[in-house]
Amino acid sequence: MIKSEEVEEDEEEEEEEEEDDDFEEYETMTELDDINIFSMTRNIANMKYYLYELREKSATTIQAAWRSHRARARYTLVKRELLRNKAALVIQRAFRHWTHSKRRKTSANLFQGFDRITEEKLRELQREIKM
């Protein structure tokens, strides 16, 4: 019976060792699960950060495009206004030149020939004035 007791004890020890091995495997699996969860969490955090950066970059790109569009539109309006002002200045200058030359011609016509008035013509004009 001693042998059978020893065999039973050996069997019990083997079972305990197997249970210990199972427990060690379980600890290892837990650690692996923890590592997997940790890496998944890190990946999720990295993805969130990437999406945040992508959103920021996209917003910046959209804002830059909108601002440049507005600046081009404003530049076109300003350019058109400057061209209109320049055209108005050309027209004003031409009109002033034309009126000035007209006045000079009419004033020259008024006094033209007074330097050639004879004394007889002068007396005649004075008589008309007295009447």
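Start by selecting F95 and W98: they sit three residues apart in helix α1, so about one helical turn separates them. Helices here (H or I, at least four residues) and strands (E, at least two) are DSSP runs, numbered from the N terminus.

This is a predicted model, in which local features need pLDDT of at least 70 and side-chain atom pairs count only at pLDDT 80 or more, while totals for chains, interfaces and linings use all residues. Residues are numbered from 1 along each chain as its sequence is written, and side-chain values use heavy atoms, with hydrogens and water left out.

Stay on F95 and W98. The structure holds one aromatic pair. F95 and W98 form that pair, which is tilted, with 6.2 Å centre to centre and 35° between the planes. Rings of Phe, Tyr and Trp (its six-membered ring) pair if their centres lie within 6.5 Å; planes under 30 degrees apart count as stacked, over 60 as edge-to-face and the rest as tilted. F95 is exposed, at 51% relative accessible area. Buried means under 20% relative accessible area, exposed over 50%, and partly exposed in between (1.4 Å probe, protein chains only).

Next, select T99, also in helix α1. T99 counts as buried because its relative accessibility is 18%. Its side chain reaches the backbone oxygen of R96 at 3.0 Å.

Now select E81 and R84. The structure holds one salt bridge (a side-chain nitrogen of Lys or Arg within 4 Å of a carboxyl oxygen of Asp or Glu). E81 forms a salt bridge with R84, and their closest N and O atoms are 3.1 Å apart. Both residues lie in helix α1, three residues apart, about one turn of the helix. E81 is partly exposed, with a relative accessible area of 37%.

Move on to Y50, in helix α1 (residues 2–111). Y50 is exposed, at 52% relative accessible area. Together with L51 and L54, Y50 makes a nonpolar surface patch of about 300 Å². Patches are made of residues with over 30% relative accessible area and no salt bridge: like charges are joined within 9 Å, nonpolar side chains (Val, Leu, Ile, Met, Phe, Trp, Tyr) within 5 Å.

Then select helix α2 (residues 119–130). Its twelve residues should span 16 Å at 1.5 Å a residue, and its end C-alpha atoms are 17 Å apart, which agrees. The expected span is 1.5 Å times one less than the number of residues.

Finally, show the whole protein. Its secondary structure comes to two helices and zero strands. Of its 131 residues, 1% count as buried. The accessible surface (Shrake-Rupley method, 1.4 Å probe) comes to about 13400 Å², of which 57% belongs to carbon and sulfur atoms.

Notes:
Polar contact = N/O pair within 3.5 Å; in protein donor to acceptor, adjacent residues only side chain to side chain.
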